[in-house]
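Please take a moment with the sequence and the structure below, and then follow the paragraphs after them.

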Amino acid sequence: MAARSKARKRAVDVLYEADVRGSDPLELLRERVALASPPVPDHAVRLVEGVAEHAARIDELIDRHARGWSIDRLPDVDRAILRMAVFELLWVDDVPDPVVIDEAVELARSLSTDDSPPYVNGVLGAILDAEVPTS
């Protein structure tokens, strides 16, 4: 698994755990970085911090584009994957959008239900179409 793929998985782990525990993702991130077991890659830190910084906007976008589901009704792991991917799509310029979406779909495939990969793909595609200007 490539370094950024591992970082995304680690970011999703932190976001998922914080969501399920009802805790602050930044506090949990600090704990995980201090433990360093397993190590938390810099890109994972960047992703979790970015999701925390833009949480309200990210959740608003997911809620608007998640057809048939409110953000609160999404499976916890799908919500974590979507939050991480929306941040990366909209605020990280050094990763191509198709890579972000492919990585999120792969995470959904490995961590969630059979219905999750196409759903994650659809939500991210809708957000990308609505929010990212074309050149």
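Is Leu47 buried or exposed? This is a predicted model, in which local features need pLDDT of at least 70 and side-chain atom pairs count only at pLDDT 80 or more, while totals for chains, interfaces and linings use all residues. Residues are numbered from 1 along each chain as its sequence is written, and side-chain values use heavy atoms, with hydrogens and water left out. Leu47 has a relative accessible area of 0% and is therefore buried (buried means under 20% relative accessible area, exposed over 50% and partly exposed in between, with a 1.4 Å probe and protein chains only).

Leu47 belongs to helix H3, residues 42-53 (helices are DSSP runs of H or I with at least four residues, numbered from the N terminus). Apart from neighbours within four places in sequence, Leu47 is in contact with Ala7, Arg8, Ala11, Met84, Phe87 and Glu88, where contact means heavy atoms within 4.5 Å.

One of these partners, Phe87, also takes part in an aromatic pair. A search of the whole structure finds 1 such pair, and the rings of Phe87 and Trp91 are stacked because their centres are 6.0 Å apart and their planes lie at 15° (rings of Phe, Tyr and Trp, the last by its six-membered ring, pair if their centres lie within 6.5 Å, and planes under 30 degrees apart count as stacked, over 60 as edge-to-face and the rest as tilted). Phe87 and Trp91 are 4 residues apart in helix H5, so about one helical turn separates them. Phe87 counts as buried at 6% relative accessibility, whereas Trp91, at 31%, counts as partly exposed.

Helix H5 (residues 76-91) also packs with helix H7 (residues 116-131), at an angle of about 30° and with the axes 11 Å apart; axes are lines fitted to C-alpha atoms, for helices over the stretch in contact, and angles run from 0 to 180 degrees between N-to-C directions. H5 is therefore roughly parallel to H7, a description used for angles under 35 degrees, with those over 145 roughly antiparallel, 65 to 115 roughly perpendicular and the rest oblique. The residues that make the contact include Ile81, Leu82 and Leu89 of H5, and Val123, Ile127 and Glu131 of H7.

Where else do Val123, Ile127 and Glu131 make contact? Together with Ala126 and Ala130, they are in contact with His65, its neighbours within four places in sequence being left aside. His65 is found in helix H4, residues 55-65, and its relative accessible area of 14% means that His65 is buried.

Definitions and conventions: Helix = DSSP H or I, 4+ residues; strand = E, 2+ residues; numbered from the N terminus.
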